[in-house]
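My entries are below, in the order I looked things up.

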Amino acid sequence: MSMKLRHLALPGLFWLFVAYLFLPLLVMAAMGFRDSNFVAFPIHSWTTKWYSEVLLDRDVMEALWLSARVAVFSTLISVAVGLPVAFAVARTSGIARGLLIALILLPAFLPVVVSAISLRIFIGRIGLETGTAAIAFGHAVGSVPFVVIMILTRLNTMGRNMADAARNLGADDVIILVRIVLPYLSPALLGAFMFCLLLSFEDFVRSFFLGGFEQTFPVLLFARLRFGFDPGLAAISTIVLIATTGFGLYAERFVRKRSLRSETSLTSGAKND
Amino acid sequence: MTDPVPAIEMKNICKAYGALRVIDDVSLKIERGVFITLLGPSGCGKSTLLRSIVGLAEPDSGEILVDGKDITHAAAHNRPVKMVFQDYALFPHMTVAQNIGFGCEMQGMEKGAIARRCTELLELIRLPDIANRYPDALSGGQRQRVALARALAPDPAALLLDEPLGALDLKLRQDMQRELKAIQRRTGKTFVFVTHDQQEAMSMSDLVAVMNKGKIEQLDSPENIYANPATLFIADFVGATNIFGAKVEAADGDHLMLAVGDARWRVPAARVTSRGKPAMGETVSVVIRPEAFNIGASRRKDDIVLSARLTDQTYLGDRVHLNVETVDGASLLVDARPPVTARQNAEITLHCRPDNLAIIAG
């Protein structure tokens, strides 16, 4: 009997955790269908009113559109900064490399509130107004460490001879970068892209401190919450949850498929006939 | 007849990393169509020498000529010699055909011609059906051959191979040695092969350049390297060897009298294989290969005779490896033909023809 219990304990704990993780989400999704102005149980009558209302809500759509623009803009900045930084770090070694990596990672470990406040002060000093550009730059600051680490990890698996082989076959620096290095990095680049988009899209703190009159989506949600939690908020959140989850899963699969090809050929170098 | 203009000529190449002289005044002429191997232990400078030919390492001084043209300061991507890397360095995101065609593409060859060249090379390496595969779908031996085809595709002035068989297992390595040699004969290309494996160097090369501490110690045919080593390092590095310390006691015309312990060996002066000739009273090394010994009493008066005690034997079918100990306490390797009737610890007599040894001065 006790043996049986012991065998059940671990899987039981796991499923309990899964329930803890997903039940709130399910409840939220269900609330969006409640035909009432308040969020409460039980649900007596159902409606799709909230979901359709969200899609017609101009403020929501505008916030989503701003979030999307900020995400793309900040992602482009992050990759544009992170890629050359990763190349530079890859050329160093020893203590210099360790110090550089620590320095680059610092923004990722800084409390977001501290980072957001310091950024707010900083943009004031350099004369940049709060708003879309400020948010995008703020998000880029938070994303660059991840971009550098993802690209650096990939660069480290690239055989040193690959660039030399291309050079030997007649490729100059530019061709090596475009035809050999960037394609080799493409899984990491894609991954960094997707990750930055999601990081920016879900960020509340930096957007809140650096935002102007226009609100990003998380900031809008927060503003609405102060007027009470109606099923409409549950509906919006559910839609965004499904969209980002779908995006994340697709990105993960896509990146894994691409990196598989280039990795196996390196790791199984001594496979024989 | 060999071409008067060598495929590759190196003049007084030097290269140092700090105080370490990796290449120490190396000059080497490589005739066209030759399979030459740079043989030496790791760190002897052979790979650096190879890399400086393709421009991936820059010599501190000296000149490098390819087909008579000075390329010492040419950019690495403009050099007419191509290289096969130890880890193959195939481009994982390109198909086999794209890998092989890369060099031709860089030369501005048009698409149709590249495709024809690619087919030609896949025939040469006997893998005609893998054009559209990616490197990760290939075995180690196949990758090796694709790397070879990729380097041959742009029709290089010479092909440089940097320990390309190192990652393969023994059986496959031997197959690839034959294959490489066959491809070299079929294409007539100059092959410059780098290895630390003396058996590999012996079995494939027309010429072997043995390198040690940044210098070429001997450039010769494999047979001569083995039979007439110019230095003690080569005698020891190439093949199994017994080395005796000796002292020149007398010279009469074309013979030397050597004192080896208490024994006196009369050997032909022509068997001095080192560049320098020994002076009277000088210590020399006598090199005797394990297979130069015969077991049993000698029937000739001029043979060198040793008595020894059998300490160990390993039966290998066609041969028996014996470990013996001489009266002086030195242990020797003897490579004998079976059957060997002597038992462990038995006293045996060995003899060796005086022409079957090499004397190295210094």
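**Entry 1: what kind of model**

I reminded myself at the start that this is a predicted model. I took local features only where pLDDT is at least 70.

**Entry 2: chain A overall**

I began with the secondary structure of chain A and found 11 helices and 0 strands.

Next I looked up the dimensions. The C-alpha trace of chain A spans about 75 × 70 × 35 Å along its principal axes. I then checked the radius of gyration, which is 24 Å for chain A, whereas a compact globule of 273 residues would come out near 19 Å.

How much of chain A is buried? I got 30% of its 273 residues. For contacts in chain A with a separation of 6 or more, I noted that 79% are between residues 24 or more positions apart.

**Entry 3: a helix pair in chain A**

I picked out helix H3 (residues 58–91) and helix H8 (residues 173–202) of chain A, whose axes are 8 Å apart and pack at an angle of about 135°. That angle makes H3(A) oblique to H8(A). The cut-off matters here, because an angle has to be over 145 degrees to count as roughly antiparallel. I also noted that H3(A) passes H8(A) in a right-handed crossing.

I listed the residues that make this contact. From H3(A) they are A:Ser67, A:Val70, A:Ala71, A:Ser74, A:Thr75, A:Ser78, A:Val79 and A:Gly82. From H8(A) they are A:Leu189, A:Ala192, A:Phe193, A:Cys196, A:Leu197, A:Ser200 and A:Phe201. Sorted by class, the contact of H3(A) with H8(A) has 9 nonpolar and 6 polar residues, and no charged ones.

**Entry 4: chain B overall**

I moved on to chain B, where the secondary structure comes to 8 helices and 20 strands. Its C-alpha atoms fill a box of roughly 75 × 45 × 40 Å along the principal axes. Of the 362 residues in chain B, 43% are buried. Among contacts in chain B between residues at least 6 apart in sequence, I found that 66% join residues at least 24 apart.

**Entry 5: two helix pairs in chain B**

I took H2(B) with helix H3 (residues 111–124) of chain B to begin with. Their axes are 9 Å apart and the packing angle is about 125°, so H2(B) and H3(B) are oblique to each other. I noted a right-handed crossing for H2(B) and H3(B).

On the H2(B) side I wrote down B:Ala97, B:Ile100, B:Gly101, B:Cys104 and B:Glu105, which meet B:Ile114, B:Arg117, B:Cys118 and B:Leu121 in H3(B). This contact of H2(B) with H3(B) divides into 6 nonpolar, 1 polar and 2 charged residues.

Then I turned to helix H4 (residues 140–152) and helix H5 (residues 170–187) of chain B. How do their axes lie? They come within 11 Å and cross at roughly 20°, and H4(B) and H5(B) are therefore roughly parallel to each other. H4(B) passes H5(B) in a right-handed crossing.

I found B:Gly140, B:Gly141, B:Gln144, B:Leu148 and B:Leu152 of H4(B) meeting B:Leu172, B:Met176, B:Ile183 and B:Thr187 of H5(B). By class, that contact has 5 nonpolar, 4 polar and no charged residues.

**Entry 6: a glycine in a loop**

I stopped at B:Gly239, which lies in the loop between helix H8 (232–237) and strand S11 (242–252) of chain B. I counted B:Gly239 as partly exposed because it has 18 C-beta neighbours inside 10 Å, and buried would need 20 or more.

Leaving aside neighbours within four places in sequence, B:Gly239 is in contact with B:Gln198, B:Tyr226 and B:Arg289. I also looked up its distance to B:Ala151, 88 residues apart along the chain, and the C-alpha atoms are separated by 31 Å.

**Entry 7: where the chains meet**

Definitions and conventions: Residues numbered from 1 in each chain as written. Chains lettered and ligands numbered in written order. Predicted model: local features only at pLDDT ≥ 70, side-chain atom pairs only at ≥ 80, totals over all residues. Axes fitted to C-alpha atoms, helices over the stretch in contact; angles between N-to-C directions. Helix = DSSP H or I, 4+ residues; strand = E, 2+ residues; numbered from the N terminus. Parallel < 35°, antiparallel > 145°, perpendicular 65-115°, else oblique. Left-handed = near helix turned anticlockwise from the far one by under 90°. Contact = placed C-beta atoms within 7 Å. Nonpolar A, V, L, I, M, F, W, Y, C, P; charged D, E, K, R; others polar. Rg over C-alpha atoms; globule rule 2.2 N^0.38 Å. Buried ≥ 20, exposed ≤ 12 C-beta atoms within 10 Å, placed from the backbone.
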